Amino acid sequence: MNDNDTSKVTAPSLTGRAGGESSSSTDTRGLSFIEQKVVNDLAEGKNGGRFQTRFPPEPNGYLHIGHAKAIALDFGLAKKYGGKCNLRFDDTNPQKEDTEYIDSIEQDIRWLGFEWANVYYASDYFQQLWDFAVWLIKQGRAYVDEQSAEVIAQQKGTTTSPGTNSPFRDRPVEENLRLFEFMNSGQCEPGTLVLRAKIDMAHPNMLFRDPLIYRVLNIPHIKTGNRWNAYPMYDFTHGQSDYLEGVTHSWCTLEFVEHRPLYDLFVTWMKEWFESLAKAPQTPEGASMVQKLIDGGYVSPSGDEGEAAYQGPRQTEFNKLNLNYTLMSKRNLLALVKNGFVSGWDDPRMPTICAFRRRGYSPESIINFINKIGYTTYDALNDFALLESAVRDDLNQRATRVSAVVNPVKLIITNYPEGQVEELEAINNPERPEEGSHTIEFSRELWIEREDFQPVAEKKFMRLAPGKEVRLKNAYIIKCNEEGEHPYDVDAEGNVTCIYATYDPETRSGQPGADRKIKGKTLHWLSCGHCLPAEVRMYERLWKVENPRDELARLQGEGLSNIEAMQQMMNPDSLRMLKNCYIEKFVQTMPALTYLQFQRIGYFNIDTDSTPDHLVFNKTVGLRS
RNA sequence: UGGGAUAUGGUGUAAUGGUAACACAACAGGUUUUGGUUCUGUUUUUCCUGGUUCGAAUCCGGGUAUCCCAACCA
C-alpha cells in the first residue's frame, strides 16, 4: 500500500495540448488495443494520472516464452508510459510452490531487460484477506461448507443445468465464524471444510455458483511458514491484491475473461468493507490500514468513493502465446523434466526463458519477436519461423564469425610445403567492421565439411569435386585433382577419407589480383594442426506435430497416458551430439553464452558446461538457406 | 442443450464507416570471399448470408466454425 505518489504521470506525447478535449483526437492507430486503452486512460487523467501494473507469476515453475509476452506488456508499457510495474508472486497454493522458482523468475525477468519497482507476495495480504473473509461471514455473504469435494462438485450443476444450494448455506453467522477459525487451527482435516461465497447456484457463469474462497491445506508456506493452515483461493486473492497495491491496469490471458465479473465483485465488496472500516475502525490494525488507504487516495476520508482518485484495478485480457511445434503449459514442461525426456528446465529444447538463454537466443530477439506478434483477443497459433527470424536478425548484428567444421574430412594441399604455416586475417563481423579481425593459420593439411565434397558432382553442386575450383575463405583458391590424378581416398565401405587438391599461390585473400572469379563457392576450413576438438549439440524441434497441445489432448482422448502420448509426439532427432568437431583456437577462452556464428552453418552459443579443455557449443538456429 | 470470447493472404498483425496494408513464410532475380547479409520483384487476403449506407473488414440481423467455463490449481 505504499505505491502511491511516485508514479503519477501523464503520457509523454499527450501533454501540452491546448484545450481539454484531447482524448478524441489522440491518435492510437497501430497500437494494440491494450496500449490504446493506456494512452486513452492517461489522456483522460484516470486514477489521478497514476498508471500501475503488476506481473503476477506463481512460483511453481520456470518462466517460459509465454510469460515473456506478459512481461513485455506489464513491464514494457509501464516503462514506456512512465508508470510502475511490481513483481508479485502469486503464492496462494503452498502445495506447488518453491523458493527455487522465485530466484529463477527474478533472474529471468532481469535477463529480459526489466526491473520491478517492488517485489510483493500475495501472502503479504493473507491477514487482510482473512479479516475481509470474516467480515463477509458477518455480512451473511460467506459460509462454511462441510460437504465433500465430490458432493460440492455435483451440486454445482453443469454448464447447461443450474446447481443446487448446499444444506449448509444458511448456517448461523456465529457457527460460520467458529468453523472458519477451526479451518485455520491446524486441527481441521484438509478437505472437510471450505469457505464459500454466497452468490447464486443457478448463475450461468459457473464461477458464481458459490465459489470456494478458502480451503484447508495444513502445509507450511514458503513465506508464512506455519502461520496459516487455511489459504485463500486465486479468485479471492488476485483482485484484492491488485486493489491493495493500487494497480490500475491488471492484464492477464484470455482464459480469465469469465473471472472478470468475480474479480470486480470481490473488489467491490472489499471497497465496501474499507468504507465500513473507515466509518468505524474497530481495531488499531484496521485503523492503520484504513489510514494507509486514505493516504494512498484509494478511499476518501469520508468514505465517499466518488472523491477517491483511485478507481480500482481494471482487468483486461489478451491472447496468450501459442507457438507451433511447442508445448507451453508448465504442467507438461514439468512432466518433461521429471521423466527425464529433457536434461532439465534449461535444456535448450525447452521453451523456458532459461533454455532460450542457454540455446543462444538474445533477450532482444525474444522481445522483438513478442512485439511483432502483438496482443489481441484471437486465439492464435504463431509460427516458430517468426521467432527464428527475430533471432537471426539480432544475431546477424551481434555474433562473432568463426570457422568450425562439424563433420570433418581431411583435405591435403599437395603443392603446399610440408611444415609451412601462414597467418591469415579473418573478419570478426562483416556487419560491424569496427570489431576488427583475428588471426587464423593455414597449412598443408586441413579439415573441411564432408558435405562440401562430392566424388561425382550433382548438377547444382557448386562446391568441391574432382577437377573443380573453390575458394577457401580468407585463404586461397584451390583445385581438386582431376579424375585420374588421384583426387581422393576411400575406405573399405567407400567413404571418402581424404581429398587431394592444389592451391593457386597468386590468390591469397587480400593480395592484388587475388580476386579472380571462379564458379565454385567459398568454403570454410580449419588447419588440422591449429584447431581444437569440440562437441557441438545440434537441435531440432522437440515435437513432431505442429500443435502439440491439441495432439496431446487427442491422444489422451484415445486412452493414452500423458507419458505415452508425449513419447509418441516427440521428435527422435531433436538432439544430435556431434563429438568429433573442430573449431578455431580463437574461441577457446571466450565465456559461456558468447554469441557466435559458425560461418556457413548457423548461429551457435558456448554452452554453460563448456570449458577450455572440453569445448561445448549449442546450435541456436541455422542460417537461412 | 447454458454462458462467455473470437473470425482479415500459408502464419500473425494493421486499417477505429472512405484506395485492404505490414512482417514472417514461399517463389524469381541483382550484389556478395558465408547457398548468410543486403537490394529488387512476384504470388496469395476481409468465414457465409441478408440488411443499413453514396460508401462496410468495420455497424445491424441470421447462420457457420473455433476457443474458454462444471480444480479444495493459478
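Strands here are DSSP runs of E with at least two residues, helices are runs of H or I with at least four, and both are numbered from the N terminus. Two strands count as paired if DSSP finds at least two bridges between them.

The model is predicted: local features need pLDDT of at least 70 and side-chain atom pairs count only at pLDDT 80 or more, whereas totals for chains, interfaces and linings use all residues. Residues are numbered from 1 along each chain as its sequence is written, and chains are lettered from A and ligands numbered from 1 in the order in which they are written.

On its other pairing, β6 meets β7 (residues 230–232), again in the antiparallel sense and over three bridges. Here V216 stands opposite A230 of β7, and R215 has Y231 of β7 as its bridge partner. The complete sheet is open and antiparallel, with four strands in the order β4-β5-β6-β7. Its edge strands are β4 (142–145) and β7, each of which pairs on one side only. From one strand to the next, the twist averages 25 degrees.

Two helices lie across β4, β5, β6 and β7. Helix α4 (residues 126–138) runs at about 95 degrees to β4, and helix α6 (residues 173–183) runs at about 60 degrees to β4. Such angles run from 0 to 180 degrees between N-to-C directions, with axes fitted to C-alpha atoms, for helices over the stretch in contact.

A second open sheet consists of three strands in the order β1-β2-β3, with parallel pairing. Because β1 (52–55) and β3 (119–121) stand at the edges with a single partner strand each, one side of each is left without a neighbour in the sheet. Neighbouring strands of this sheet are turned by 35 degrees against each other on average, direction ignored. Strand β2 (residues 84–89) is joined to β3 by three bridges, and within β3 the bridge partner of R88 is Y120.

At the level of the whole chain, an automatic or database domain assignment supplies the bounds. Chain A is divided into domain 1 (12–117 + 239–318), domain 2 (127–232) and domain 3 (404–524). The C-alpha centres of domain 2 and domain 3 lie 75 Å apart.

The surroundings of RNA strand B comprise 71 residues, the closest being D90, A149, T159, G374 and S509. A residue counts as near the strand if its C-beta atom, placed from the backbone, lies within 6 Å of it. The elements that give two or more residues to this surface are α5 (149–155), β6 (212–216), α12 (363–373) and α13 (384–398). The largest share, four residues, comes from α13. By class, the surface has 24 nonpolar, 26 polar and 21 charged residues.

Confidence remains to be considered. Chain A averages a pLDDT of 92, and 92% of the residues score at least 70; pLDDT is the predictor's confidence in each residue, from 0 to 100. Over residues 1–24 the pLDDT is below 50, and over residues 302–307 it stays under 50. Where pLDDT is low, the predicted coordinates should not be read in detail. The model scores ipTM 0.97 and pTM 0.93.

Definitions and conventions: Two residues are in contact if their C-beta atoms, placed from the backbone, lie within 7 Å. Ala, Val, Leu, Ile, Met, Phe, Trp, Tyr, Cys and Pro count as nonpolar, Asp, Glu, Lys and Arg as charged, and the others, Gly among them, as polar.
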